[in-house]
Amino acid sequence: MVKKIPIGPFHPILEEPEFFELHVDGERVVGIDITIGWSHRGIELLSEHKTWDQVPFLVERICGICSCSHPYAYVKAVEDLCGVEPPLRAQFIRCIAAELERLHSHLLWTGLAGHFLGYNTVFMWTWRFREPVLDVLEAVTGNRNHYAVMKPGGVRRDIPQEEIPNILKMLENVEKENMMLTKAILDDPVIHARTKGVGVFNKDQCRLYGALGPTARSAGYDVDDRRDHPIDAYDKVKFDVILCEHGDVFDKAVVRQLENFESIKIIRQCLKLLEDTKPGDICAEIREVPPGEGIGVYEAPRGEVLHYVRSNGGNMPIRHKVRAPSFNNILTNELSVLGNSVADAGLITAAVDPCYSCTERMGVVDTRDGSRRILTEADLVRLSHEKTEEIRKRFAGGRANG
Amino acid sequence: MEREEVKKRIAEKFGAKVRIEERSPKRVYVYAENEIWTDLARFLFNDLGARYDTGAAVDDRDGVEVMFFFPFDKEHYFVTIKTFAAKPNPTLNSIAAYIPGAKWIEREMFEMYEVNFRNHPDLRPVLRSDGRPADYYPAKREVKDSHETVRERDDGETRADETAGRAPKGKNP
Amino acid sequence: MSLALKALKKSPWVFHVNTGACNNCDIEILDCLTPRFDVERFGVLLVGSIRHADVLLISGPVTQNILPRLKRLYEAAPRPIKVVAFGACGCRCGIFRDGYNVVGPIDKYIPVDAYIPGCPPKPETIISGIVKVLNQL
């Protein structure tokens with residue numbers, strides 16, 4: 001027997017603080033309040049109870065999508081503290097794993113953005129394109145995500161020579177698919193209309209807010225740690241930094257799509273360099289971590305990840321500071337949503353590619369009469385799809401009329 | 001701006017109130033006195049062209065050491081400003097009015113270490129929920145030493161890998 | 001088996017909740033919808049509202065911030081509902097067990113019908129887990 005639960009005008013579960021509370025005047029957003037901390041697990045405090053070698057397993061699980069970035073920055077911080085350089089082979093393997101992760105992360109974002117805009121085909125196709133990347137990661141590191149490949153001083157596993165032709169074949173396919181995807185996105189007039197001029201965050205604002213990653217590069221703010229603070233193999237390979245100029249959602253998508261090509265370029269060069277290195281040492285064992293402090297930075301798919309460690313000579317860090325790029329980037333929503341419609345607000349907050357599902361729920365306060373309504377994810381997606389449909393009809397009507 | 005030039009200009013402007021330490025070609029640490037740290041930060045950000053990155057706090061026994069990272073990207077090195085806020089009631093000037101990107105990190109330092117930032121536009125916890133007591137600062141040495149932060153282990157008799165696939169616990173109507 | 005339960009077994013609608021997980025489990029769940037694994041051919045659908053759900057899929061070690069929401073969600077769920085704890089964090093809090101802000105695991109607050117372990121569970125494991133839950137009906 002099914003029991004009916006009465007649900008009033010306001011859904012009972014949606015009364016606690018939201019992630020974003022939009023203040024609107026009619027349909028325009030005039031202000032925003034951001035609440036974070038839903039996934040706060042106290043990782044920095046947990047690190048102090050783990051040995052230096054155990055910490056990468058912990059920090060991997062800060063974020064699942066960029067689970068190579070945090071261990072990478074952490075091991076660089078420890079190596080900065082100890083003054084150790086990993087062997088050449090380890091450097092190439094690290095870069096390969098990191099760039100493969102960037103590939104899958106950018107494709108993932110494109111899929112989610114497509115789904116939000118109403119292009120479910122884009123969602124299905126990009127996620128299908130990303131499966132071979134995850135297969136290669138599984139063959140090379142042992143897991144589709146949470147690779148556990150980083151270790152202070154080097155890497156845990158070598159890439160066997162036999163795997164390299166498979167990786168190259170996969171890269172060839174992904175490159176073709178990415179090309180097709182890029183053309184489809186850049187040429188679609190409806191996507192142009194939906195995303196150009198939406199959620200603009202300009203270069204000066206980027207500087208004041210410390211914006212990072214594609215969020216910053218889309219506005220022309222030239223910051224890319226792979227070039228500026230090169231680690232491991234990044235100073236031994238050639239690649240371009242993609243910069244756009246408007247800082248809107250369209251530019252953010254363009255930067256990510258074009259960065260996929262750069263990642264493929266880097267992986268190919270690293271594989272070539274790896275083949276030319278004779279097999280052997282993949283880790284410079286660190287026996288003892290002296291007292292001191294170290295800073296490690298790495299350019300993750302979302303921006304710069306910074307880890308700071310301090311040691312007093314013991315076998316556990318006494319302080320481990322983690323700063324994910326989304327901490328800087330999410331704050332930029334303060335300015336980039338202003339003046340846009342509610343249907344676009346979900347898209348704008350997703351365009352900085354935050355590390356949590358921020359479009360889960362939004363509260364909307366109408367500043368004219370103080371009334372409040374709650375929009376669930378379903379509502380936000382529906383609003384966005386409606387807007388896309390409207391624009392599509394406008395274009396179709398325009399074409400029909402000649 | 002090159003490293004040597006930056007070190008020279010900081011020493012010229014702030015004299016005895018700072019102590020500069022270059023630990024490696026990529027890492028420069030500047031220890032600044034409490035009162036002038038925001039001036040130093042603004043000097044680096046506005047005049048010397050550094051990028052604002054983020055900050056961190058460490059609880060030493062008699063105070064909280066607060067540091068902010070300002071990288072010089074073109075020249076490939078980091079300048080870290082360090083300052084010290086003594087206990088009890090560690091207090092510092094806030095930089096959030098000049099660099100809006102610092103708003104959240106200062107709130108986090110307040111929430112975790114009880115560092116009070118003067119003139120911060122909105123100093124309240126950023127990460128923890130409203131359910132926690134207002135004076136619970138999880139990263140403070142005193143709080144950690146009393147083992148409040150590490151929860152009692154609750155292992156129970158069965159583990160997840162033993163229960164998966166077996167009959168469920170509890171009843172759902 | 002009643003008609004309602006028969007219909008339920010043919011096409012379970014799943015509502016997913018993240019109680020502070022690292023998002024990897026959530027991505028693997030979404031992966032199940034994509035062409036390679038395609039759970040929609042089994043009738044499994046991810047819904048956007050708890051009111052339409054037959055299966056409540058919960059991932060993450062429960063953080064203090066999320067706990068009230070989780071409890072209210074369970075109370076608002078229509079009956080019958082099957083609860084599945086997902087991932088190492090969902091089962092026993094995983095590596096975050098000692099975190100000061102982590103108050104889980106999930107079965108401390110709501111009765112759980114099935115556990116799908118893994119960090120993250122592979123999509124094949126997820127499909128197998130959902131099928132096992134349905135076979136209990």
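Chain B of this predicted model has an accessible surface of about 8300 Å², and carbon and sulfur atoms account for 46% of that area. Of the 173 residues in chain B, 51% count as buried. Buried residues make up 63% of the 402 residues of chain A.

**Composition of chains A and B**

- Chain A contains 15 helices and nine strands.
- Within chain A, 71% of the contacts between residues at least 6 apart in sequence join residues at least 24 apart.
- Chain B contains five helices and seven strands.
- Along the sequence, the elements of chain B follow the pattern α-β-β-α-β-β-β-β-α-β-α-α.
- In chain B, 48% of the contacts with a separation of 6 or more are made by residues 24 or more positions apart.

**The five-stranded sheet of chain B**

- Five strands of chain B form an open sheet with mixed pairing, in the order S1-S2-S5-S4-S3.
- Strand S1 (18-24) and strand S3 (54-60) of chain B are the edge strands, each pairing on one side only.
- On average, neighbouring strands of this sheet are turned by 20 degrees against each other, with direction ignored.
- Strands of a sheet pair through backbone hydrogen bonds, in either a parallel or an antiparallel sense.
- Strand S2 (residues 27-32) and strand S5 (residues 77-86) of chain B run parallel and are joined by five bridges.
- In this pairing, B:Tyr29 stands opposite B:Thr80 of S5(B).
- Helix H2 (residues 37-47) of chain B lies across S1, S2, strand S4 (63-72) and S5 of chain B, and runs at about 165 degrees to S5(B).

**Nonpolar cores**

- The largest nonpolar core has 87 residues, of which B:Ile10, B:Trp37, B:Leu44, B:Phe68 and B:Phe70 touch the most other members.
- H2(B) gives the most to this core, contributing six residues.
- A second, separate core of 62 residues includes A:Ala98, A:Ile164, A:Cys270 and A:Leu271.
- When neighbours within four places in sequence are left aside, the contacts of B:Phe68 include B:Trp37, B:Tyr52, B:Thr54 and B:Gly55.
- Also among the contacts of B:Phe68 are B:Val79, B:Thr80 and B:Ile81, together with B:Ala102, B:Ile105, B:Glu106 and B:Met109.

**Parallel pairing in chain C**

- Strand S1 (residues 13-18) of chain C pairs in the parallel sense with strand S2 (residues 45-46) of chain C over two bridges.
- C:Val14 stands opposite C:Leu46 in S2(C).
- S1(C), helix H2 (residues 24-31) of chain C and S2(C) make a right-handed β-α-β unit.
- S1(C) also runs parallel to strand S3 (residues 55-59) of chain C, to which five bridges join it.
- The bridge partner of C:Val14 in S3(C) is C:Val55.

**Backbone geometry in loops**

- The peptide bond between B:Lys87 and B:Pro88 is cis, with omega about -10 degrees.
- B:Pro88 lies in the loop between S5 and strand S6 (91-93) of chain B.
- A cis peptide bond also leads from C:Cys119 to C:Pro120, with omega near -10 degrees.
- C:Pro120 is placed in the loop between strand S5 (114-116) and H5 of chain C.
- A:His146, a residue other than glycine, has a positive phi near 45 degrees.
- The loop between helix H5 (120-141) and strand S3 (150-151) of chain A holds A:His146.
- A:His146 counts as buried because its relative accessibility is 4%, under the 20% limit.
- B:His76 likewise has a positive phi, near 65 degrees, in a residue other than glycine.
- B:His76 is found in the loop between S4 and S5 of chain B.
- With a relative accessible area of 35%, B:His76 is partly exposed.

**C:Ser128**

- C:Ser128 is located in helix H5 (residues 123-135) of chain C.
- C:Ser128 counts as partly exposed because its relative accessibility is 34%, which falls between the 20% and 50% limits.
- C:Ser128 and C:Ile116 are twelve residues apart in sequence, and their C-alpha atoms are 9.0 Å apart in space.

Definitions and conventions
Residues are numbered from 1 along each chain as its sequence is written. Chains are lettered from A and ligands numbered from 1 in the order in which they are written. This is a predicted model: local features need pLDDT of at least 70, side-chain atom pairs count only at pLDDT 80 or more; totals for chains, interfaces and linings use all residues. Side-chain values use heavy atoms; hydrogens and water are left out. Two strands pair if DSSP finds at least two bridges between them. Helices (H or I, at least four residues) and strands (E, at least two) are DSSP runs, numbered from the N terminus. Axes are lines fitted to C-alpha atoms, for helices over the stretch in contact, and angles run from 0 to 180 degrees between N-to-C directions. Contact means heavy atoms within 4.5 Å. A nonpolar core is a set of buried Ala, Val, Leu, Ile, Met, Phe, Trp, Tyr and Cys residues joined through side-chain atoms within 4.5 Å. Buried means under 20% relative accessible area, exposed over 50%, partly exposed in between (1.4 Å probe, protein chains only). Accessible areas come from the Shrake-Rupley method with a 1.4 Å probe; for residues, only the protein chains shown count as cover. A crossover is right-handed if, with the strands pointing away from the viewer, the path from the first strand over the helix to the second runs clockwise.
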